[in-house]
Amino acid sequence: MTDARQLRKADLDRKIKACRKCVHPDRLNEPDVTESAPGFGSIDSPVAIVGEALCRACMKEQEPFYGGSGRVLDRCFKRAGVAKTDLFITNSIHCHPPADRDPYPHESANCLPFLRAELRDIVQPRLLIGVGKFAKTALLQVYPEARQLSWPFRVPRARRADPPDIPYLLFPQHPYFIMTRPPAVREHYERRLARAIEWGFTSA
């Protein structure tokens, strides 16, 4: 029997691809120009990564964090011993804003219900990693009750009073920023983020 969450994900993907709410000042979700892409990867993943918006290459491939700064994350996944498809990866804005500009407030607001449905209704991860200020803002709205971890990541101490169904939030720097840093900084970032991902899988 098909998993009910898979059916909900397929229905949500269709709604994301059909959305035409954002038309001013730019028309978002226009095929091959500002097109959207739904969340990518496993809906069973205990770890979700949320970025800001699709770049052009990601839009063409229909895959968040494809190439570019995604190579930083790819190295983190390899260190953590997981494949990219083992995680759930999405964006706070599912479309590609023209010229990779920052999303406007109304665009973030229009896309927030899609993000909430992906994360709270379908995937329900144990650890959410938000990269970039727009991803952080969106996740704090989706999960106002979540436990926020400090960066650089360290394994949190379990607290008896913490309900087990409340997830953790982690907000490292965006991998695009890390690409321009010295090798020692990149090494520290990748090691810490890989440890967070590994912990998210083993603690679930």
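What is the volume of the largest pocket? About 500 Å³, in a model that is predicted, where local features need pLDDT of at least 70, side-chain atom pairs count only at pLDDT 80 or more, and totals for chains, interfaces and linings use all residues. Residues are numbered from 1 along each chain as its sequence is written, and side-chain values use heavy atoms, with hydrogens and water left out.

**View 1. The largest pocket and its lining.** On a 1 Å grid over the protein atoms alone, a pocket is an open set of points where a 1.4 Å probe fits, with protein on both sides within 12 Å along at least five of seven lines; lining residues have an atom within 4 Å of a point. The volume is the space filled by probe spheres set on the points, which are joined across faces, edges and corners. There are 23 lining residues, and A53, C55, S69, D100 and H174 sit closest to the centre.

View 2. I49 stands opposite I129, and L169 in β6 is the bridge partner of L128.

**View 3. L193 in helix α7.** L193 belongs to α7 (residues 183-203) and is buried, at 1% relative accessible area. Beyond neighbours within four places in sequence, L193 touches L73, C76, I129, W151, L170 and P172 (contact: heavy atoms within 4.5 Å).

Conventions:
Two strands pair if DSSP finds at least two bridges between them. Helices (H or I, at least four residues) and strands (E, at least two) are DSSP runs, numbered from the N terminus. Buried means under 20% relative accessible area, exposed over 50%, partly exposed in between (1.4 Å probe, protein chains only).
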